[in-house]
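Hi,

Here's the structure I promised to pass along. Have a look at it first, and then read on for what turned up when I went through it.

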Amino acid sequence: MRVVRLLVLGTLAARGPMYGHQIRRVAEMINVEAWSEIRAGSLYHALHQLEAEGLIEAVRTEQRGRLPARTVYAVTAEGRTELSVLRDRGLREVHAPRDPFDVALWVAAGLPPEELEFTLRQRLETLRLQLAAVVREREQLTGKGALPAVGLALMRHGEARLEAEVSWHAELLESLGRRGGGGQLKFE
C-alpha cells in the first residue's frame with residue numbers, strides 16, 4: 001500500500017488536481033504494473049484511504065453529459081509531508097525482490113534431474129524473451145523521443161535485473177550439469 005500511496009501523492013503533487021481515472025491513465029501510460037507491485041485497480045482504494053486520512057482532499061466534482069460524476073482530488077499540506085517521507089524512504093530503502101521460484105526450487109530437491117532441467121531451461125528462455133522485449137520497447141521509445149530520462153533509467157534498471165536473472169539461471173543450469181547424481185538437487 002505504501003508504494004500506491006507514493007504514486008498517488010506524487011502524481012497529484014506533480015500534475016495538480018486530478019480525478020481517479022486520470023491518475024489511473026498516468027499509471028497505465030508509464031506501465032507501472034510492469035515494474036512495480038502497483039495494480040491499477042488499487043489506486044481507487046488508495047484515493048479513498050488518503051482522503052479519509054486528510055492527505056488529499058476533494059476540490060470539486062465534474063460531470064460531463066450522462067457520465068458519472070467525477071471527484072477531483074488535490075494533495076493537502078499533510079499529504080505533501082507524507083509524500084516527502086514516503087519518497088525519502090523509497091529512495092533510501094533497499095528491498096530484495098521476492099520470487100516464489102526460490103521456494104519452489106528449495107522444494108524441488110529430489111525431482112528427476114531431466115524434469116528440473118527442462119523446467120529451468122523453459123524459465124531461462126522466458127527470461128531471455130522478457131529481456132529482449134524490454135530492450136525492444138526501450139529502443140522504440142527512445143527512437144520516438146518518447147522516453148524521458150527517468151523512464152530510460154527505470155527501463156535500464158529493469159533490464160539489469162533481467163540480465164542478472166538470465167545470468168544466474170544459466171549458471172544454475174551449468175552447475176546442475178556438473179553435479180554428481182545426474183544433476184539432482186539435494187537438501188544436504
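A quick word on naming before anything else: helices here are DSSP runs of H or I that are at least four residues long, numbered from the N terminus. By that numbering, L120 lies in helix α7. Please also keep in mind that this is a predicted model.

**The α7/α8 pair**

Let me start with helix α7 (residues 113–144) and helix α8 (residues 149–178). Their axes are 9 Å apart, and the two helices pack at an angle of about 160 degrees. Since angles over 145 degrees count as roughly antiparallel, that makes α7 roughly antiparallel to α8. The crossing of α7 past α8 is left-handed. If you sort the residues of this contact by class, you get 16 nonpolar, 10 charged and 3 polar.

Back to L120 for a moment. Is L120 buried or exposed? It's buried, because its relative accessible area is 3% and the cut-off for buried is under 20%. Setting aside neighbours within four places in sequence, L120 is in contact with F101, L172, L173 and L176. Compare that with A153: it sits 33 residues from L120 along the chain, and the two C-alpha atoms are separated by 29 Å.

On the α8 side, have a look at E159, which has its place in that helix. This glutamate counts as buried because its relative accessibility is 2%. Which side chain does the side chain of E159 make a polar contact with? That would be R138, at 2.3 Å. Again leaving out neighbours within four places in sequence, the contacts of E159 are L131, V134, V135 and R138.

Between these two helices there's a loop, and G145 is found in it. From G145 to A96 you go 49 residues in sequence and 32 Å in space, C-alpha to C-alpha.

**The α2/α4 pair**

The other helix pair I looked at is α2 (residues 20–29) with α4 (residues 42–52). Their axes come within 10 Å and cross at roughly 135 degrees. That angle makes α2 oblique to α4. Here the crossing of α2 past α4 is right-handed.

Who meets whom? From α2 it's G20, H21, I23, R24 and A27, and from α4 it's L43, Y44 and L47. By class, the residues in this contact come out as 5 nonpolar, 2 polar and 1 charged.

**A threonine in a loop**

Last one: T76, which is found in the loop between β3 (70–75) and α5 (77–92). Not counting residues up to four places away in sequence, T76 touches G54, L55, I56 and E57.

Cheers

Notes:
Residues numbered from 1 in each chain as written. Predicted model: local features only at pLDDT ≥ 70, side-chain atom pairs only at ≥ 80, totals over all residues. Heavy atoms only, no water. Axes fitted to C-alpha atoms, helices over the stretch in contact; angles between N-to-C directions. Parallel < 35°, antiparallel > 145°, perpendicular 65-115°, else oblique. Left-handed = near helix turned anticlockwise from the far one by under 90°. Contact = heavy atoms within 4.5 Å. Nonpolar A, V, L, I, M, F, W, Y, C, P; charged D, E, K, R; others polar. Buried < 20%, exposed > 50% of the residue type's maximum accessible area, 1.4 Å probe, protein only. Polar contact = N/O pair within 3.5 Å; in protein donor to acceptor, adjacent residues only side chain to side chain.
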